[in-house]
Each structure stands twice: as C-alpha cells, then as structure tokens.
Amino acid sequence: MPYCQMKTAPTPIAVTHTEGVYLHLADGRRLIDGLASWWSACHGYNHPHIRAAMHRQIDAMSHVMFGGVNHEPASNLARRLAAILPGDLDRVFFSDSGSVAVEVAMKMALQYYRNRGDRGRTRFVSFANAYHGDTTGAMSLCDPDRSMHAAFGAALLQQTSLPLPNDAAALERFDDHLSRHRSELAGVFVEPLVQGAGGMRFHSPQTLAAISEACARHGVLLIADELATGFGRTGTMFAVEQAQIVPDILCLGKALTAGAVGLAATVATERVFRAFWSDDPGSALMHGPTFMANPLACAAAGASLDLFEREPRLEQVAKIERELRRGLEPCRHLPRVVDVRVKGAIGVVQVDSLDHVDRLRQAFVDRGVWIRPFGDCIYLTPPLVVAPDQLRQLTEAIVAVTEQWAAWSV
C-alpha cells in the first residue's frame, strides 16, 4: 500500500464499487469522497458518458503500441488539448503517470539545449515545499529538506530549491540566481498557484507571472506542473491562465481522464519542439512508455473534455469555492488551527502539527466521508460535481472532527 508502514498501518478500507461522489464499502456503508481520488475524479465516478466512450473503445481496441503506428483517440485528444491550452502549447507527448510526465519534461528541457549545442545546462530550479512526483528524477525536484523524499539526499540528482518569490526580497534572490547560473540551468519547475503534497500552499497569479517573467528575461525554460491543478480545480481550466502566462512545457495528468484510467501528457510550445525537428536521428526525444497514448485512456480523456464543454464545471467550481469558504470558516477559531484557505475547489485547514492521524481518519469514516489528512493539513478536493448538501456534509465533518481532534492532545 502507498505511503504507509505496512507493519503498523490500519487495515485498508474495502471498496466494492463507486457511484457519483460515493465510495461503496464492503460492509454496506458509503462514503462521500472528499478527495476525488487524489484530485482525479473531477466528474465523479462512473459518469455514463465516459463509461460509454470506454466501452466503445475497448470493443474496438484497448491498446496498441504507439511506436510506428498512430490512432484516432490519441490524435484527436492531442488536437483538443492543443486547442484549449494557452498560447502555442501544441506539441503533446503522452505517458502513463504524472511522475513520468515530469521526467519527460526534464528530459525535454535538457535535450532542448543539447540539440541547440548547449551541453552545460543540466540543473533545474524548483521551490521550497515543492512536490513533483515519486520517481527518481521527479524526487530531485521536491523540497530537499521537508518532502517525503528528503531522506534520499545525495542519491538524487542535485537541483536548487529556492523560496517562492512571494515578496520583493525572494523575487530578487530568484532573479539573481537565474542571472548567475543561467548557463547551467535547463529549467524552472513550478506548481502553478497551489503546491499540493508539499503542504497545500497557495501563491498568487502575480507571483506566478513574476516567475515567468524572470525565466523569459534570463532565457531559462519554465515548466508548469499542472498535474493537480489542471482541468478546473483552481477555478480556470488551467491554473496558468490566471497569471496570463504560457510556460514552455506543461505537465498534465490526474483529472486528464477524469480518474477513469492512468494517462498523462507533457506538452511543449512550438519553440521547444523545433529544437527536436531535424534530419539528425540523434536529436529525437528518446522516450517511449509501453502504454504511451493508450487508446482506452485517450478515449476516456476525450469524453472528459466533452463534459467540460457540455456541462458547467467552472461555474460549479465557483459555487464550491463559496461553500468551502463558508463551511470551513468556523475552523479558524478552533484550537491548534493555524490557517484556513480556499482556492477554487480546494479547501485547506492547516494545523500546528498533525498527530493521532489514524484515529483522525477513522473519525471521518465514522461520519460517512472519505478525508485523509496529511502533513499538517486537513483538506478537501472533492469531485467538481459534488452537490451542495454533500459538500456541507464534508465541511461539517471537518469542523466537528477537527474540534474533537484538538481536544485529544489536551
């Protein structure tokens, strides 16, 4: 099981099936999923339109290798992603998980400069509290001191971690680092607007714009990790839209298929793509996951995009944001609560430190909701189709259980 010590972890909860926003358990209970399966189930579970598209695709072809062949589900999905992404983010490379999408972005950035004759650019900048994935390269981009991967230390590629430039002093330090080290930098990685697993920390569109401007000024590629924030979660289809920027490379995953099946994408601008367009075979991007552009996953992703076009998802996110602000506000006055913050369909109650975690998680289950606190956060990222009464049940559970939890250590 992920992220747990198997010797001491509680027995996992047995889920038999899913429906809408619910997880149905083997003992007959059902839980409202407050996490959308790690941000992914944006339209809820088992949406009939997505299921029908997958049924049609699996009857025709569930998978075929993408080396030397092409197929319409992938071609169609790539065209549609290019059409809705900002600027000229038009060149789509499919993979099968978010961590791999980040690895591909790293390789693209490194080879972009190598193909242009610049072999000295081998390092990346990321930010304090960053989380970009669990594979080896992606781990090197995570916070070197406070992430779950900190213990790997010198075994990882060595990158630079800087404070997010949220103020003038931090921006000056960031700009100065790019100026002094641009000859060795292949790119800057950022989680736009929301740092997820690093603590559910938010920053402003102005901060994101300042990062983009500094990268452009110093000729360093900007790579946006929208694995968590993409597809409406922050209130716009993609978080970078709120800063009105176009990164050089952008990573997508999680909600790309609405949580139906694994798929990810690394999307580059035309400028980046042109560095790989050559008569020299050695300039090709030498990467190709076995299940790259899996037709079944591409069909699910295409159906998910249909729903974003046909149904009022962004309006629903705006309503969720208002209800999260209202519903979580009482937590602000509870003992041990440090902050309450909301961005789009993300609600966070930050505490001084998180203890009694297993007991806390069980208390949520007992109230009929699936919420898994981590780090120092009790948070919600519900499906975007969550109904008002279901959302109220989630926020009321957080208020009640957090109040109980605060008394456990007294």
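Author: Domain bounds here come from an automatic or database domain assignment. The protein is divided into domain 1 (15-33 + 312-407) and domain 2 (48-310), and their C-alpha centres lie 28 Å apart. The contact (heavy atoms within 4.5 Å) takes 18 residues from domain 1 and 19 residues from domain 2. This is a predicted model, in which local features need pLDDT of at least 70 and side-chain atom pairs count only at pLDDT 80 or more, whereas totals for chains, interfaces and linings use all residues. Residues are numbered from 1 along each chain as its sequence is written, and side-chain values use heavy atoms, with hydrogens and water left out.

Reader: How much area do domain 1 and domain 2 bury between them?

Author: The size of an interface is often given as the accessible area lost when the parts come together. Here the buried area (accessible area, 1.4 Å probe, that two parts lose on being put together, summed over both) is about 1500 Å², with 67% of it on carbon and sulfur atoms.

Reader: In which order do the strands of the four-stranded open sheet stand?

Author: Strands of a sheet pair through backbone hydrogen bonds, either parallel or antiparallel. The order is β1-β2-β3-β15, with mixed pairing; strands are DSSP runs (E, at least two residues), numbered from the N terminus, and two of them pair if DSSP finds at least two bridges between them. β1 (15-19) and β15 (369-370) each have a single partner strand, so one side of each is left without a neighbour in the sheet. β1 pairs with β2 (residues 22-25) in the antiparallel sense over four bridges, and His 17 stands opposite His 24 in β2.
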